[in-house]
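Subject: Structure handover and findings

Dear colleague,

I am passing on the structure below, followed by my notes on what was found in it. Please read them with the sequence and the model open beside you.

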Amino acid sequence: MRGDFGVQAWTSRLLRGKLLHMPHDHHDHDHPHSLLPPAPALRVKALETILTQKGLLDPAALDEIIDTYENKIGPRNGAHVVAKAWSDPDFAARLHEDADKELSALGYYGRQGEHMVVVENTPETHNMVVCTLCSCYPWPLLGIPPGWYKSDAYRARAVREPRAVLADFGVSLPEQTAVRVWDSTAEVRYLVLPMRPRSTDGWSEEALMDLVTRDSMIGTGLAVQP
Amino acid sequence: MSIPEPVFEAPWHAQLFALTVHLNEAGHFAWPDWAERFSATLKQHGMARDLNGGDDYFTAWLETLEAFLAEVEMADPDAVEQTRAAWERAYLSTEHGKPVTLDATV
């Protein structure tokens, strides 16, 4: 479905990459030395070495940043905000008024989430987020953007033909629903508040969170209908 | 169907990302300036072919960071190349399974 965005190619390359890095895949008798990392990896190591030698870099700080984004911060944060907004109309209203204040109170602030705007989907308007500039994305709420968000195909087409892009993601909207595309910048980032699925009255915040996908908060998907 | 997507496709993407975030937070550049430079590199790379958002995205990222560090004289391109070559020799001369360090070349 998402072939246009290279998602399949991306995934299979990723699997292949994984296989290549499996220890049993090394042929020690052919290559007695360590497996040489790809060229850019060595360039990154060189920068790290030089900056560390100059005292401009603390390698432990890098490990901490990586651990944060690999293990601690991800779309569950955004899903929490959405589920809370669905459950608590006062919170939803405050979120529209001053998202930064409410998100800070929940602990979702900092790095690339300083100026957030929450855009709400309604039967009349579906919102979708892109960054045509590079790949600005609300890290504290959604983590690191997926490959397709960073691809030229998505970045170019989201603005030009959003409905076709949505169709590639398997989303078809009623004719009367307008699609509004928000272009993120390094200063302003967006979170889509998807529509609450039907027949979820009385659901706990926790249960609602499971219906909120990452794509539904970018606007390339809808919340899961249970 | 649901193979979880790793946050970073390759370890070096993660290292490069963290390195850049760290330098930003240490005050060496402002993020909007970074975004502007990075966007220019992406645009330039994207003229030849459509970037897939994976390896080629981070290749453009690396090029942007290298150019910036050269410009502000934090990492001289010749020194970077020499250090890269030293790391390559270290990998090629370290027995498989042993930790690779730059000292291995000495």
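What share of the 226 residues of chain A count as buried? The share is 40%, where buried means that 20 or more other C-beta atoms, placed from the backbone, lie within 10 Å of the residue's own.

Please keep in mind that this is a predicted model, in which local features need pLDDT of at least 70 and side-chain atom pairs count only at pLDDT 80 or more, whereas totals for chains, interfaces and linings use all residues. Residues are numbered from 1 along each chain as its sequence is written, while chains are lettered from A and ligands numbered from 1 in the order in which they are written.

Chain A holds 12 helices and four strands, taken as DSSP runs (H or I of at least four residues for helices, E of at least two for strands) and numbered from the N terminus.

Turning to the two chains together, 52 residues of chain A are in contact with 47 residues of chain B, contact meaning C-beta atoms, placed from the backbone, within 7 Å. On the side of chain A that touches chain B, α2(A) gives the most, with 12 residues.

Leaving aside residues up to four places away in sequence, W61(B) touches L16(B) and F38(B).

With best regards

How values were computed. A residue is buried if 20 or more other C-beta atoms lie within 10 Å of its own, exposed if 12 or fewer, and partly exposed in between; C-beta atoms are placed from the backbone.
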